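Visitor: Please put the structure up. I'd like to go through it piece by piece.

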Amino acid sequence: GGGGGEWVDCEATRVGLRTVSIEGSLLRLNGRPLEIRGVNRHEHHERLGKYCPAGDMVRDVCLMKRLNINAVRTCHYPNRELWYGLCEAYGVLVLDEANLETHGMTLQIR
């Protein structure tokens, strides 16, 4: 902005670069064949509602890995940043759904 050289804010995050391709009928990730075995996930706790403790998130991602699940679709809203970091650390692909729901909306031609 003003050229004063003063830092206002600085943030960092890990970024993973991947190449996704389809060759014939084969999905590839970084050149290697990929079979997606995924689940849907709502960030919801049975007692705490919309807040999920970190330990429960770790338990969930570990359970997914034990059950040979390699992908998760988040549902309707952004998850805590911790969830994305856990998925990166444990090698789980994330399809992060945008909140563009249109339930009950239909095209009406007059």
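Predicted model: local features only at pLDDT ≥ 70, side-chain atom pairs only at ≥ 80, totals over all residues.

Visitor: What does Thr74 touch, not counting residues up to four places away in sequence?
Guide: Thr74 touches Arg41, Asn79, Trp83, Tyr84, Val94, Leu95, Asp96 and Glu97, with residues up to four places away in sequence not counted. Contact here means heavy atoms within 4.5 Å.

Visitor: Is Thr74 buried or exposed?
Guide: Thr74 counts as buried because its relative accessibility is 0%. The cut-offs are under 20% relative accessible area for buried, over 50% for exposed, and partly exposed in between (1.4 Å probe, protein chains only).

Visitor: Which residue's side chain does Thr74 join in a polar contact?
Guide: Asp96. The two side chains make a polar contact of 2.6 Å. That term means a pair of N or O atoms within 3.5 Å; within protein, one must be able to donate a hydrogen and the other to accept it, and residues adjacent in sequence count only if both atoms are side-chain atoms.

Visitor: New topic. How many helices and strands in the chain?
Guide: Two helices and six strands. Along the sequence the pattern reads β-β-β-β-α-β-α-β.

Visitor: What does the chain average for pLDDT?
Guide: The average is 86, and 86% of the residues score at least 70. pLDDT is the predictor's confidence in each residue, from 0 to 100. Among the elements, helix H1 (residues 54–66) has the highest mean, 96. Strand S6 (residues 93–96) has the lowest, 89.

Visitor: At what angle do H1 and H2 pack?
Guide: About 35 degrees, with the axes 10 Å apart. H2 covers residues 81–90. Axes are lines fitted to C-alpha atoms, for helices over the stretch in contact, and angles run from 0 to 180 degrees between N-to-C directions.

Visitor: Which residues in H1 and H2 meet?
Guide: From H1, Ala54, Met57, Val58, Asp60, Val61, Cys62, Met64 and Lys65. From H2, Leu82, Trp83, Leu86 and Tyr90. The residues of this contact divide into ten nonpolar, no polar and two charged. Ala, Val, Leu, Ile, Met, Phe, Trp, Tyr, Cys and Pro count as nonpolar; Asp, Glu, Lys and Arg count as charged; the others, Gly among them, as polar.

Visitor: Take Met64. Buried or exposed?
Guide: Met64 is buried, because its relative accessible area is 8%. Leaving aside neighbours within four places in sequence, Met64 is in contact with Val39, Ile69, Ala71, Val72, Trp83 and Val92. Met64 and Val39 are 25 residues apart in sequence and 8.7 Å apart in space, C-alpha to C-alpha.

Visitor: And Ala89: buried or exposed?
Guide: Ala89, in helix H2, counts as exposed because its relative accessibility is 65%.

Visitor: Where is His45?
Guide: In the loop between S4 and H1. His45 counts as buried because its relative accessibility is 4%. A polar atom of the His45 side chain lies 3.0 Å from the backbone nitrogen of Arg47. His45 also touches Tyr51, Cys52, Pro53 and Asp56, not counting residues up to four places away in sequence.

Visitor: Now backbone angles. What is phi of Asn30?
Guide: Near 50 degrees, a positive value in a residue other than glycine. Asn30 lies in the loop between strand S2 (26–29) and strand S3 (32–33).

Visitor: What about phi of Asn68?
Guide: Near 65 degrees, again positive in a residue other than glycine. Asn68 is in the loop between H1 and S5. Asn68 is partly exposed, because its relative accessible area is 48%.

Key. Residues numbered from 1 in each chain as written. Heavy atoms only, no water. Helix = DSSP H or I, 4+ residues; strand = E, 2+ residues; numbered from the N terminus.
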